[in-house]
Amino acid sequence: MNEVAQRDIPTLYELESSLATKEQADLNQVKTDVLGIVDGKGTLMDKLRVICVYSLACSKAPSTDIDEVVEALQTQVDTTAAVVRATGTSAAKKELAAQATTLQNGIKAIQYVKQLRSMQMIPQMDFSTHAKITTPDTGNEFLSTFMKQAQNQATGFLAKATDTIGSMLGKIHKTEATRVLQNLVGYVPQSEDDTYLYLDPKSSNSSSTAVNRGDVNVASLRGRRPPVRDAVVFMIGGGCYAEYQNLQMCLRGGDKDGASSSSIGSLRSITYGSTELVNPTTFMNQLSKLS
């Protein structure tokens, strides 16, 4: 929990979640919030990651705003480096080289994202479908117990951090993978259920346009398909721990409004896989190599 407090993880999480799941109407306020992260606590990689999320999620934000945020981070790092060179220990001075490499790779990653933006290769996100997931106490026993123990032991800013994290556990937003899965297992009309390949060897009800592919005309099976008990979600490409955790939260909880709880409630298990499972640091390094 000391690490949580020192890096101000709750603030980082709330901003990244907001950027990724909500349409940002006030772009100036968003830039101010990101600058606040840059000037505040957190590691250098934390701040680079926030800027990268900002670049990816806020496609309407001008490139000059992104440049301004990057320049602010560069200035902060240079100022800290000057102080360390003048008064720091030998170990701190050695750390400067690693920080410089991290900053250089991070800026390259952000520049690559900007290139994608300029080529309009980052799709506009549909924020209307990003409903919240509420996590009941029975589905989150480990996290709830952990947070209660941490709150009992925490004092000062640490207590504030644990309180914030505790409140965030019930405010998880659905990722795109979770939303698609709910539409598929819930057989939701006018969704991915109409376009994804549906194979059923027991059904002879194939459409004339799909018979050569072997799939089924799902429109003719409305209300007659059995509930899905087990699901496998596989991402062709990079996956992440947050996406996996979001699916598990959905399995345990359901939607905030309860609209899709019955559809996802039929599931007993969700297996998640991907071509590659990377952490944020590895992902940023991959982006820097692509630039």
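Q: What counts as a salt bridge in this predicted model, and how many does the structure hold?
A: A salt bridge is a side-chain nitrogen of Lys or Arg within 4 Å of a carboxyl oxygen of Asp or Glu. The model searched for such pairs is a predicted one. The number of salt bridges in the structure is nine.

Q: How many Å apart are the closest N and O atoms of R49 and E16?
A: R49 and E16 form a salt bridge. The cut-off for such a pair is 4 Å. Their closest N and O atoms are separated by 2.8 Å.

Q: Which helices does the pair of R49 and E16 link?
A: The two residues are 33 residues apart, and they link distant parts of the chain. E16 sits in residues 9–21 and R49 in residues 44–57. Those stretches are helix α2 for E16 and helix α4 for R49.

Q: Are R49 and E16 buried or exposed?
A: Buried means under 20% relative accessible area. Both R49 and E16 fall in that class: buried.

Q: About how many helical turns separate D46 and R49?
A: The side chains of D46 and R49 meet in a salt bridge, 3.2 Å from N to O. D46 is buried, as is R49. Both belong to helix α4. Because they are three residues apart there, the separation is about one helical turn.

Q: Which residues are linked in a network of salt bridges with R49?
A: R49 pairs with E16. R49 also pairs with D46. The network joins R49 to E16, D46 and R7.

Q: Where in the chain are K114 and D67?
A: K114 forms a salt bridge with D67, with 2.4 Å between the closest N and O atoms. This pair links distant parts of the chain, 47 residues apart. K114 lies in helix α6 (residues 90–118), and D67 lies in helix α5 (residues 63–87).

Q: Is the pair of Y244 and Y272 stacked or tilted?
A: The count of aromatic pairs is one. The ring centres of Y244 and Y272 are 6.1 Å apart, with the planes at 50°. Planes under 30 degrees apart count as stacked and over 60 as edge-to-face. At 50°, therefore, the pair is tilted.

How values were computed
Residues numbered from 1 in each chain as written. Predicted model: local features only at pLDDT ≥ 70, side-chain atom pairs only at ≥ 80, totals over all residues. Heavy atoms only, no water. Helix = DSSP H or I, 4+ residues; strand = E, 2+ residues; numbered from the N terminus. Buried < 20%, exposed > 50% of the residue type's maximum accessible area, 1.4 Å probe, protein only. Phe/Tyr/Trp six-rings, centres within 6.5 Å; stacked < 30°, edge-to-face > 60°.
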